[in-house]
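Dear colleague,

I am passing on the structure below, and I would be glad if you could look through it before reading my notes, which follow directly after it.

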Amino acid sequence: MDLTAAKWRKSAQSGNNGGQCVEVAVVRGRDAGVTNKADEEFVVLVRDSKNRGREPQVFTLAEWDAFCEGVRGGQFEPSAMIKDLGPVPAI
């Protein structure tokens, strides 16, 4: 995986939280080193800022757009995810 051209960014909202955030970069698909994404012109890389040596997660632009739309739409708010779990069964 050749990430030398990657320009990593993190949200300005992450503030000074001791490096506990994710970083995002866009690279050419062929440089991502992921066989099933090599034909993509560009891919989005996501990595943990605390573990920069680990391979990042790789998403197509369509996959990333769908995720971002879900974030904007509130699909990943804790209250929405908890509601999806249903009632807690009695023990």
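D48 forms a salt bridge with K50, with 3.2 Å between the closest N and O atoms, where a salt bridge is a side-chain nitrogen of Lys or Arg within 4 Å of a carboxyl oxygen of Asp or Glu. Please keep in mind that this is a predicted model, in which local features need pLDDT of at least 70 and side-chain atom pairs count only at pLDDT 80 or more, while totals for chains, interfaces and linings use all residues. Residues are numbered from 1 along each chain as its sequence is written, and side-chain values use heavy atoms, with hydrogens and water left out.

D48 itself is partly exposed, at 27% relative accessibility, on a scale where buried means under 20% relative accessible area, exposed over 50%, and partly exposed in between (1.4 Å probe, protein chains only). The structure holds four salt bridges, and another of them joins the side chains of R47 and E23 at 2.7 Å, N to O. Because R47 lies in strand β2 and E23 in strand β1, this pair ties together parts that are 24 residues apart in sequence; strands (E, at least two residues) and helices (H or I, at least four) are DSSP runs, numbered from the N terminus. Both partners are buried, R47 with a relative accessible area of 15% and E23 with one of 6%.

E23 also forms a salt bridge with R52, the closest N and O atoms again being 2.7 Å apart, and this pair links strand β1 to the loop between β2 and β3, 29 residues away. R52 is partly exposed, at 48% relative accessibility. Through shared partners, salt bridges join E23, R47 and R52 into one network.

Leaving aside residues up to four places away in sequence, A32 touches M1, V27, V43, L45 and V58, contact meaning heavy atoms within 4.5 Å.

Finally, the 12 residues of helix α1 (residues 61-72) should span 16 Å at 1.5 Å a residue, which agrees with the 16 Å between its end C-alpha atoms; the expected span is 1.5 Å times one less than the number of residues. Just after α1, G74 takes a positive phi of about 85°.
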